[in-house]
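Here is a friendly walk through one protein model, from a helix pair to a few rings and loops. Please keep the viewer open as you read.

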Amino acid sequence: MEGSWGARAAEPGTNQTLKPCLLRRNQSREQHGVAASCLEDLKSKAYDILAIDKSLAPVTLVLAEDGTIVDDDDYFLCLPSNTKFVALAGNEKWTYSNSDGGTAWISQESMDLDETDSGVGLRWKNVARQLKEDLSSIVLLSEEDLQVLIDVPSSDLARELGHSRVAVQGLQNTLQQVLDQREEARQSKQLLELYLQALEKEGSILSKQQEPEAGFGDQRDAVDAGVSTAGSSETALSSQILAALKEKPAPELSLSSQDLELVTKEDPRALAAALNWDTEKTETVQQACHQELSLRLQQVQSLQSLRSVSAGRSSLPEKPQAPKRARVDPS
């Protein structure tokens, strides 16, 4: 970090004491060391040191750590030495940075470089930008994307979304609720499946179904390697989607809307070969994915409709009320 000191010695015969300060522009990592005798002196030096156009006057000085406006000279003199200031020119507004007001810029810079090489860092930023464009896309995110945004530090997510830290913490709580709702739906589905299996056992249906499945299992084991290779070549689904379909008890709740659409459009026979499933089980999973996708799209449409109705009501002019007529006495 470069630093250019603009300190000057006090003139002989004067009692002015110079206060060392650190000065920078908004959203800049380059800070300058300046010695000023008063608040106006610091503002005056800010024009030259930070190359601020005179047409953008006046300059407003705020504390870098929390954006507090410093416009009182006595308050300025009470601040400790090397206090960090941000110079705002024209219509600029202070934006939140790290809580230490700038000492973490060096570590933040190295962290940004690490995130550039990290798939996780790029992933949460891409998901955050998608969420910033349309908040209703929460219902379209996969469970992994939701968990990524929940695990991101609120200060980093606030900087990416351009919102306050408190607002982002509320957003992360909402994301956690969405994730919890999907987990509850998965558990409910598991309980329903256990209940249906119990009914099948009571009616001796399960034992009849296991006999043909045993013969089919022997044939499947004999050609396991060949079927796996052929199935993988025939399906366009990624290995991550196939793993979710195999391992998750309710895979439709774990996949993103885009992945759900790919599963529903996949040929049942090719998907069954890739998963080593029978066609009936594959079609059942595809139907569940289709229902979940339809539910999410309905939720998005409902949110958009509510927004349209709200915007329409706010734009309608108020109807003038008719004057009340005096009541006539029958007598």
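The crossing of α5 and α7 is left-handed (that is, the near helix is turned anticlockwise from the far one by less than a right angle). The axes of α5 (residues 143–151) and α7 (residues 165–202) come within 9 Å and cross at roughly 145°; axes are lines fitted to C-alpha atoms over the stretch in contact, and angles run from 0 to 180 degrees between N-to-C directions. On the α5 side, the contact (heavy atoms within 4.5 Å) is made by E143, L146, Q147, L149 and I150. From α7 come Q172, L175, Q176, V178, L179, R182 and R186.

A word on the source: this is a predicted model, in which local features need pLDDT of at least 70 and side-chain atom pairs count only at pLDDT 80 or more, while totals for chains, interfaces and linings use all residues. Residues are numbered from 1 along each chain as its sequence is written, and side-chain values use heavy atoms, with hydrogens and water left out.

The protein has 13 helices and four strands, which are DSSP runs numbered from the N terminus (helices H or I, at least four residues; strands E, at least two). Buried residues make up 35% of its 331 residues; buried means under 20% relative accessible area and exposed over 50%, with partly exposed in between (1.4 Å probe, protein chains only).

Next, look at helix α1 (residues 39–49), where L39, D41, L42, K43, K45, A46 and Y47 are buried. These buried residues pack against β1 (19–25), β2 (32–36), β3 (59–63), α2 (73–78) and β4 (83–89).

Which aromatic rings pair up? A search of the whole structure finds one aromatic pair. The rings of F76 and F85 have centres 6.0 Å apart and planes at 45°, so the pair is tilted; rings of Phe, Tyr and Trp (its six-membered ring) pair with centres within 6.5 Å, and planes under 30 degrees apart count as stacked, over 60 as edge-to-face and the rest as tilted. Both F76 and F85 are buried.

| Lysine | Ring | Distance from ring centre |
|---|---|---|
| K19 | F76 | 5.9 Å |
| K281 | W277 | 4.4 Å |

Finally, visit two loops. A51, between α1 and β3, has a positive phi near 55° and is exposed, with a relative accessible area of 65%. N276, in the loop between α12 (268–275) and α13 (279–315), has a positive phi of about 60° although it is not a glycine. N276 counts as buried, at 15% relative accessibility.

Key:
A charge sits over a ring if NZ of Lys or CZ of Arg is within 6 Å of the ring centre and within 35 degrees of the ring normal.
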